[in-house]
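Hi there,

Here is the structure I promised to hand over. Have a look at it first, and then read on for what turned up.

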Amino acid sequence: MADRPAYYITTPIYYVNDVPHIGHMYTTLACDVLARFKRLDGFHVKFLTGTDEHGQKVDKAARLSGLDPQTFTDKVSENFRALARLMNFSNDDFIRTTEARHVHSCQALWQTLLANDQIYLGSYAGWYAVRDEAFYAEAELTTGPGGDKLAPSGAPVEWVEEPSYFFRLSQWQEPLLRLYADNPEFVLPRSRLNEVVSFVRGGLQDLSISRTTFQWGIPVPDDPAHVMYVWLDALTNYITAIGYPEVNTEDFQTFWPADVHMVGKDILRFHAVYWPAFLMAAGLAPPKRVFAHGWWTVEGQKMSKSLGNAIDPLHLIETYGRDQVRYVMLREVPFGNDGDFSHESVVGRINGELANDFGNLVQRVLSMVAKNCGGTVPTPGPQTGEDAELLTACNGLLPAVRDAMDRQAFHEALDAIWAVIRAANGYVDRQAPWALRKSDPDRMRTVLYVLMEAIRHLGILTQPFVPEAAGRILDQLAVGPDARSFAHLGDRHGLVAGTPVPAPTGVFPRHEVAAAAGEGTA
Ligand code: ME8
């Protein structure tokens, strides 16, 4: 493996207090697309997801359901695994914070922090929001309509007073500011880095990292009256999964520091402030990047269980298809911005961009090949300027798409790919191969060959986004499983004239609007 560059990408680990909705699916989907892209681009990828199972919020949810927390978390965690299977996510591991490997890892990290004089015993008196599992300073709170105090997220807070261990976060202000200054892409999008920098510049208080008023957590070593603060526990999952506390192993050396922690903007502070501080305090390198994406609303409304509008990924997939959902979610909003989910817009993109633009291109070209070239790859003749222009656009795609993917700009990558799809459609219209059939069959064969080559490039490059449809496109070009990586882009690996290709079948059906009518809600 040493010859391949490594790439480690993680999703947040999701709280098991609820069933997964499209918000959770979105983050893991983005990681899946990136993981697939990097694998096809020759990287040795580790893609991690999982569930966050300790803490007061999960404890409360378990009690409400009448189950003990372990039985409850076993059950709910399975829903997230089922989502990963449903979406065909290519994660290499699925971590649960209740696993023995993780308890061991957290306790080892605690011991290291203690040995490095980063932890001391004190007592906490202040505000806590169970929904966010976060401590807040008085100055951060607002007063709700009923006079109750609210966290910036809108979550209710409660007053907590208990003995607590503290992490010396206040010592890490300067090192954190240096980390951000030296790595301007440590947090993307850039605007979010500014938020983080101003928070840290505002001064850091030592952080309470243990709780004593409930038991559902990882016991603090040598003081089992305390359980670890759920965020210290949860963040540590990223190193547990590569074998921490063993750091001299091939896995740890290969994959740490992580390339991208993908998160929603709601949990940026934990990842961009606390986590690098914990790591530096333990003598470990901070991750290379935290990408904080935006927030989905549904038809203009906040998605929530109480509103009953949280979209169930299973329903969505049954309605529209897996690849369609993957495509639309990454195409709909510039990655990083907030987005609003609407069925109308999903249908518009499925019918416009998938069925009309891409599907029709493939369908009409391959039908002509089946009818007019005996179902084999035609032999091309000399190229014209227009042929060369389309093929050059295809050859130029990988660098453009790679650049976008390295900035997690999925929408830009898709834009670049669809520009070539549109160029190929324009080329078909102008060349009119159906008219050449009688007038100039040699030229028709060249045009169809050029188009098949364009489709081969597009099929290879769309695999991370629409893996099943792209796979079927490549099947229809008789491109074998070993010829689908990005190393096979370019003329050198072009289709071989005379190769038989299977009869074409449609890959992106149109979505009939009547069938979509409304209820995509769980
Ligand atoms: O915060 N739009 O878990 P969580 C976009 N356990 N993304 C959304 C979303 C929405 N409406 N709703 C949820 C936790 N997400 C912690 C993480 S990591 C060490 C611990 C996604 O179950 C988004 O990625 O509340 C967000 O950050 C995450 O789900 C929160 O999941």
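Before the helices, a word on how their angles are defined: axes are lines fitted to C-alpha atoms, over the stretch in contact for helices, and angles between N-to-C directions run from 0 to 180 degrees. Please also keep in mind that this is a predicted model.

**A helix pair**

Helix 11 (residues 313-320) packs against helix 12 (residues 322-332) at an angle of about 110°, and their axes are 7 Å apart. Angles of 65 to 115 degrees count as roughly perpendicular, and the two helices are therefore roughly perpendicular to each other. On the helix 11 side the contact is made by Leu-316, Ile-317 and Tyr-320, which meet Arg-322, Gln-324 and Val-325 of helix 12. Sorted by class, this contact has four nonpolar residues, one polar and one charged.

**The ligand**

Which residues come nearest to the ligand? Of the 23 around it, they are Ile-13, Thr-27, Asp-52, Asp-266 and Trp-296. Gly-23 has a polar backbone atom 3.4 Å from a nitrogen atom of the ligand.

On its own the ligand has 670 Å² of accessible area, and the protein covers 94% of that. Strand 1 gives the most, with four residues. By class, the shell holds 12 nonpolar, nine polar and two charged residues.

**Some loops to look at**

Asn-91 sits in the loop between helix 3 (69-86) and strand 3 (93-96). A polar atom of the Asn-91 side chain is 3.1 Å from the backbone oxygen of Asp-93. Leaving aside residues up to four places away in sequence, Asn-91 touches Phe-47, Thr-49 and Ala-84.

One joins Tyr-244 and Pro-245, with omega about 10°, and Pro-245 is in the loop between helix 8 and helix 9 (250-255). Another joins Trp-256 and Pro-257, with omega about 0°; Pro-257 is in the loop between helix 9 and strand 14 (260-264).

Finally, Asp-117 is not a glycine, yet has a positive phi of about 55°. Asp-117 lies in the loop between helix 4 (100-115) and strand 4 (119-129).

Best wishes

Terms used:
Residues are numbered from 1 along each chain as its sequence is written. This is a predicted model: local features need pLDDT of at least 70, side-chain atom pairs count only at pLDDT 80 or more; totals for chains, interfaces and linings use all residues. Side-chain values use heavy atoms; hydrogens and water are left out. Angles under 35 degrees count as roughly parallel, over 145 as roughly antiparallel, 65 to 115 as roughly perpendicular and the rest as oblique. Contact means heavy atoms within 4.5 Å. Ala, Val, Leu, Ile, Met, Phe, Trp, Tyr, Cys and Pro count as nonpolar, Asp, Glu, Lys and Arg as charged, and the others, Gly among them, as polar. A residue is near a molecule or strand if one of its heavy atoms lies within 4 Å of it. A polar contact is a pair of N or O atoms within 3.5 Å; within protein, one must be able to donate a hydrogen and the other to accept it, and residues adjacent in sequence count only if both atoms are side-chain atoms. Accessible areas come from the Shrake-Rupley method with a 1.4 Å probe; for residues, only the protein chains shown count as cover.
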